[in-house]
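Please read it with the sequence and the structure to hand.

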Amino acid sequence: MQTPQGHGHFRLEPLHKQDRQPNEHKDLERQAVKLSDSNNKCCRCCGLTRFLRLERIWFVQDPCGIICAVLTYGLLVYGISMTNAVLLFPVGFTFYGIINGIFFNLFGSLACISHFKAMTSDPGAVPLGNATRDQLGNLGLKVGQVVYRCPKCICIKPERTHHCSVCRRCIRKMDHHCPWVNNCVGELNQKYFVLFTLYIALMCTHSLIMQLIHFVSCVGTDWGAGCTYFSMPATVVLMMTIMMEGILFSLFTLIMFCTQIHAICTDETGIEQLKKESPTWDRKTKCLSMKSVFGSKMNISWLNPFVKPDIGNGKELAYLYSV
């Protein structure tokens, strides 16, 4: 196995040939031994993560991403609670209030769950330090095939893999790194990210429709009974804040949702579109592309963030590692 000068790839040579750069292999394996998969895991500074069995879940320890994720949950909690207090509590247990309350809070709950799953799911990280001579031999590649390795992760890079400087890992089919979920969007968690944008857009749109109905019905009654839970001035101020939040979030997440669906249907990630990379892979049909993200069979589980997609990755196949 040789390492051409100035390139991050290997070309397999016959095993009976003498290594031309034995020290390089030793240095490479020494770096691989030093690497550990302990990064991007929940901290163990307190017993809470161990008690909740969260110490081994995927979690990117990026201060900016953590702040953005906390801010996201804060805005979600504020929007959900204020919508309930301002628009649903005043109408009481009426048919209108019960039906809208069920759907709105369902969308909000599914959005929070989808965000948590997108944040704490492995996006498709390649194992660290696997670009060793033994690992390459185990792939069963033919003599003369070329495999690429990441000099930072010391790992074999499958096709369509990119290195994320924030996660400090190589991610399979990396679309982009999203600070709002404090994680990369990749092969294994794209479903949860798409569901997060979908349910936020539905929740915000539903809230805006209820605000319009509430405003029209209460203006004619001078904000009488069934219109305010707080004082009238406080109700108007709160409605303005949740209206602005609803407009901004609905537009942003709807655009993100459409962008993600377009990328899935064209079988091209955001990074590949940005870099204008020529496809070296066989593009899948729209149906197969959707199945590769949401699951092998089209059913209600596609919309369920609790269901892990059975996408049949085939990540152990040797051809995915060779070029």
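1. Asn 182 is buried, with a relative accessible area of 0%; buried means under 20% relative accessible area, exposed over 50%, and partly exposed in between, with a 1.4 Å probe and protein chains only. Asn 182 sits in the loop between strand E6 (176-178) and strand E7 (183-185). Its phi is near 50°, a positive value in a residue other than glycine. Helices (H or I, at least four residues) and strands (E, at least two) are DSSP runs, numbered from the N terminus.

2. The model is predicted: local features need pLDDT of at least 70, side-chain atom pairs count only at pLDDT 80 or more, and totals for chains, interfaces and linings use all residues. Residues are numbered from 1 along each chain as its sequence is written, and side-chain values use heavy atoms, with hydrogens and water left out.

3. How many salt bridges does a search of the whole structure find? The search finds five, a salt bridge being a side-chain nitrogen of Lys or Arg within 4 Å of a carboxyl oxygen of Asp or Glu. In one of them Glu 272 pairs with Arg 160, with the closest N and O atoms 2.9 Å apart. This pair links distant parts of the chain, 112 residues apart: Glu 272 is in helix H8 (residues 270-275), and Arg 160 is in the loop between strand E3 (155-157) and strand E4 (161-164). Glu 272 and Arg 160 are both buried.

4. A salt bridge also joins Asp 267 to Lys 284, where the closest N and O atoms are 3.5 Å apart. Asp 267 belongs to the loop between helix H7 (232-265) and H8, and Lys 284 to the loop between H8 and helix H9 (286-294), so that the pair links distant parts of the chain, 17 residues apart. Asp 267 counts as buried at 3% relative accessibility, whereas Lys 284 is partly exposed, with a relative accessible area of 30%. Asp 267 also has a phi near 55°, a positive value in a residue other than glycine.

5. Glu 268 and Arg 283 meet through their side chains in a salt bridge (4.0 Å, N to O). Glu 268 lies in the loop between H7 and H8 and Arg 283 in the loop between H8 and H9, so the pair ties together parts that are 15 residues apart in sequence. Glu 268 is buried at a relative accessible area of 16%, and Arg 283 is partly exposed at 42%. Salt bridges that share partners join Arg 160, Asp 267, Glu 272 and Lys 284 into one network.

6. Cys 265 is placed in helix H7 and is partly exposed, with a relative accessible area of 21%. From C-alpha to C-alpha, Cys 265 and Thr 285 are 7.3 Å apart in space, and they are 20 residues apart in sequence.

7. The axes of helix H6 (residues 190-219) and H7 come within 7 Å and cross at roughly 145°. Axes are lines fitted to C-alpha atoms, for helices over the stretch in contact, and angles run from 0 to 180 degrees between N-to-C directions. The residues of this contact divide into 18 nonpolar, nine polar and no charged. Here Ala, Val, Leu, Ile, Met, Phe, Trp, Tyr, Cys and Pro count as nonpolar, Asp, Glu, Lys and Arg as charged, and the others, Gly among them, as polar.

8. There are two cavities of 30 Å³ or more. A cavity is a set of points on a 1 Å grid over the protein atoms alone where a 1.4 Å probe fits but cannot get out, and lining residues have an atom within 4 Å of a point. The largest cavity holds about 120 Å³ of space, a volume being the space filled by probe spheres set on the points. Its lining has 13 residues, of which Gly 79, Met 203, Cys 204, Glu 245 and Gly 246 lie nearest its centre. Helix H3 (63-88), H6 and H7 each give two or more residues to this lining, and H3 gives the most, with five.

9. The second largest cavity has about 80 Å³ of space. Of its 13 lining residues, the closest to its centre are Lys 173, Gln 190, Ala 263, Ile 264 and Asp 267. By class, the lining has three nonpolar, four polar and six charged residues.

Definitions and conventions. On a 1 Å grid over the protein atoms alone, a cavity is a set of points where a 1.4 Å probe fits but cannot get out, and a pocket is an open set with protein on both sides within 12 Å along at least five of seven lines; lining residues have an atom within 4 Å of a point.
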